[in-house]
Amino acid sequence: MKLAEALAERAEASRRVEQLRTRVVGSARYQEGETPAEDAAELLAEAGEVLGTLETLIRRINRTNAAVEMGQDGTLTDALARRDVLRLRHSVVTAAADAAAGTGERGYGRQLRSELMVLSALPVAELRRQADDIAREIREIDMRIQRANWEADLLD
């Protein structure tokens, strides 16, 4: 099995656990004289089985991520950490540029000459260029990660 397939299975198992959780909660109590829509104990047991499978998948995925070498990016785990930090950096730089530009503020600017002018403390154009560069870097590392996911075999 390829790593990408295991990642898809992990996502499906996570969705399944959440669905089962919702169904268990909905069936955990019922009125006297009524029958519950579903057997909560049976659903809970099924959730336990899916969670066991999920744990095994996560262990294998993590083991694989730590072992797969990606050249300049280090291991797949290193590349994932880099991508996560780049996404956070992009968010911070974009928020700074938006704030400095006054995005979202009503009445930005002056109505009368006697009003104080609001000035930007940061170079908006430079921040936008940085955000674009970071977004490009995110796309590039994400493509390398996706390639590794489809090339790497899942470890036991």
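Helices α1 and α2 run roughly antiparallel to each other, a label given to angles over 145 degrees, where under 35 degrees is roughly parallel, 65 to 115 roughly perpendicular and the rest oblique. The angle between α1 and α2 is about 155°, and their axes lie 9 Å apart; axes here are lines fitted to C-alpha atoms, for helices over the stretch in contact, with angles running from 0 to 180 degrees between N-to-C directions. The α1 and α2 crossing is left-handed, that is, the near helix is turned anticlockwise from the far one by less than a right angle.

The model is predicted, so local features need pLDDT of at least 70 and side-chain atom pairs count only at pLDDT 80 or more, whereas totals for chains, interfaces and linings use all residues. Residues are numbered from 1 along each chain as its sequence is written, and side-chain values use heavy atoms, leaving out hydrogens and water. Helices are DSSP runs (H or I, at least four residues), numbered from the N terminus.

Turning to α2, this helix covers residues 40–67, 28 residues in total, and reaches 40 Å from its first C-alpha to its last, close to the 40 Å expected at 1.5 Å a residue; the expected span is 1.5 Å times one less than the number of residues. Residues of α2 that are buried (under 20% relative accessible area, with exposed over 50% and partly exposed in between; 1.4 Å probe, protein chains only) include A40, L43, A47, V50 and L54. Among the elements covering the buried residues of α2 are α1 (3–27) and α3 (76–101). L51, also in α2, is partly exposed, because its relative accessibility is 41%. Although L51 and R16 are 35 residues apart in sequence, their C-alpha atoms are 9.3 Å apart in space.

On the α1 side, S27 belongs to helix α1 and counts as buried because its relative accessibility is 6%. Leaving aside residues up to four places away in sequence, S27 is in contact (heavy atoms within 4.5 Å) with P36, E38, A40 and L43.

As for α3, its 26 residues should span 38 Å at 1.5 Å a residue, and its end C-alpha atoms are 37 Å apart, which agrees. Its buried residues are L76, A79, R83, L86, V93, A97 and A100, and these pack against α1, α2 and α4 (124–151). Just after α3 comes G102, with a positive phi of about 80°.

Key:
Helix = DSSP H or I, 4+ residues; strand = E, 2+ residues; numbered from the N terminus.
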